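Thank you all for making time this morning.

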Amino acid sequence: MNELDDDAAPDPSDFSGATPGDGVGLCLSGGGYRAMVFHLGVLRRFNETGWLQKLTRVASVSGGSIIAAQLGMAWKKLGFSNGVATNFDALVGNPILGLAAKTIDRKAILVGVLLPGSISQRVQAAYDKLLFHGATLQALPGKGEGPTFILLATNLSNAALWRFSQAYMRDWRGESVENPELSLAHAVAASSAFPPFLSPSVLDIADRATLHLTDGGVYDNLGLEPIVKRCKTVFVSDGGGTFSELAKPHTDWLRGTLRVLNTVDVEVRRLRRRQINGLLASGQRGGAFFAINTDYARFPNRSPALPVTGAATKELAATKTRLAKLDPQRCRKLVNWGYAAADAALRSYVDPGLAQPAGFPYPAEALE
């Protein structure tokens with residue numbers, strides 16, 4: 001049986017009783033292409049500083065699962081030299097930027113409505129064609145081969161967090177499916193099944209009930225549980241959207257209901273943020289939390305080589321949560337912002353003596 005003892009507690013969202021090991025975990029949030037590209041900047045800086053190779057677990061949700069799956073699929077081919085993967089861009093960065101230049105949600109919705117087959121199946125097919133090329137969960141690193149990658153979805157049957165990994169897939173309530181041969185594209189499509197249009201993703205398990213899965217962010221948009229319960233050092237990269245304030249919220253039943261649901265959703269996300277920041281502030285976990293809407297000026301140890309203004313980051317945080325083509329300049333700015341946020345978090349809270357970067361990955365796309 002796989003190590004899920006902590007997750008089988010009566011309240012699996014309660015981290016207070018967990019006794020983590022000495023591992024280093026990274027949580028990659030949801031947020032569509034916006035989060036995916038922000039996380040790419042984070043991973044680039046982690047790679048340069050040697051922290052990428054130190055990771056023992058990676059948990060991801062939605063847009064974060066796209067890049068996590070690409071990183072996991074490429075891991076065994078990454079050429080680490082002195083702790084740095086020299087072919088990171090070729091195996092991870094370039095494919096992710098290529099996907100960010102393609103719109104897949106609009107076509108999936110239109111075709112899924114008009115023709116046989118679900119919208120989620122169309123998204124899955126696009127992921128497979130553009131990134132994963134038939135790879136299954138078995139392409140992720142196994143024990144001793146690299147970090148444990150866990151892609152997260154939400155089980156609509158029992159409101160539990162469903163885990164996809166190389167060794168198993170399950171939620172804490174049911175039996176584990178060992179060594180699953182499920183396609184990576186299917187797992188990522190389930191993890192990123194944004195409601196209402198891209199949800200649900202249907203998963204048929206032999207001799208068991210059919211599961212209906214939705215975006216992992218419905219349960220835990222930061223992907224905290226598999227990391228906080230197992231790792232003493234926790235990094236959280238949050239590329240989630242910013243809640244838009246309205247002086248006069250809509251009052252008609254449809255838009256009014258959506259506004260209420262969005263309000264509930266944002267409060268759950270804020271509670272998760274408070275949860276991880278409380279653990280970090282108390283010293284129960286080492287590491288750092290940083291977000292796409294973090295005030296860069298609040299990092300005490302920022303690099304002069306990476307000037308960032310609040311106006312620039314606020315505009316980037318407002319990027320829509322979609323699987324839609326990003327303007328190339330905006331895409332490069334998102335990479336730069338993730339890179340700068342990760343650098344400032346590492347230097348401020350983990351390693352003050354870390355060598356300063358030479359500059360942004362894309363110097364022409366300044367964040368001033």
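R347 and D343 sit four residues apart in helix α12, so about one helical turn separates them, where a helix is a DSSP run of H or I of at least four residues, a strand is a run of E of at least two, and both are numbered from the N terminus. This is a predicted model, in which local features need pLDDT of at least 70 and side-chain atom pairs count only at pLDDT 80 or more, while totals for chains, interfaces and linings use all residues. Residues are numbered from 1 along each chain as its sequence is written, and side-chain values use heavy atoms, with hydrogens and water left out.

R347 and D343 form a salt bridge, with their closest N and O atoms 3.4 Å apart; the term requires a side-chain nitrogen of Lys or Arg within 4 Å of a carboxyl oxygen of Asp or Glu. Are these two residues buried or exposed? R347 is buried at a relative accessible area of 4%, and D343 is buried at 0%, given that buried means under 20% relative accessible area, exposed means over 50%, and partly exposed lies in between, with a 1.4 Å probe and protein chains only. Through salt bridges that share partners, R45, E48, D343 and R347 are joined into one network.

How many salt bridges does a search of the whole structure find? The search gives twelve. One of them pairs the side chains of R44 and D89, at 3.2 Å from N to O. Because R44 belongs to helix α1 (residues 32-49) and D89 to helix α4, this pair ties together parts that are 45 residues apart in sequence. R44 counts as buried, with 10% relative accessibility, whereas D89 counts as partly exposed, with 36%.

A further salt bridge joins E315 and R330, whose closest N and O atoms are 2.3 Å apart. E315 lies in helix α11 and R330 in helix α12, so parts that are 15 residues apart in sequence are tied together by this pair. E315 is partly exposed at a relative accessible area of 40%, and R330 is partly exposed at 22%. Staying with R330, which is placed in helix α12 (residues 328-349), its C-alpha atom is separated by 8.3 Å from that of E365, 35 residues apart from R330 along the chain.

Another arginine to look at is R298, found in the loop between β12 (286-291) and α11 (310-317). R298 is exposed, its relative accessible area being 68%, and the C-alpha atoms of R298 and S348, 50 residues apart along the chain, are separated by 9.8 Å.
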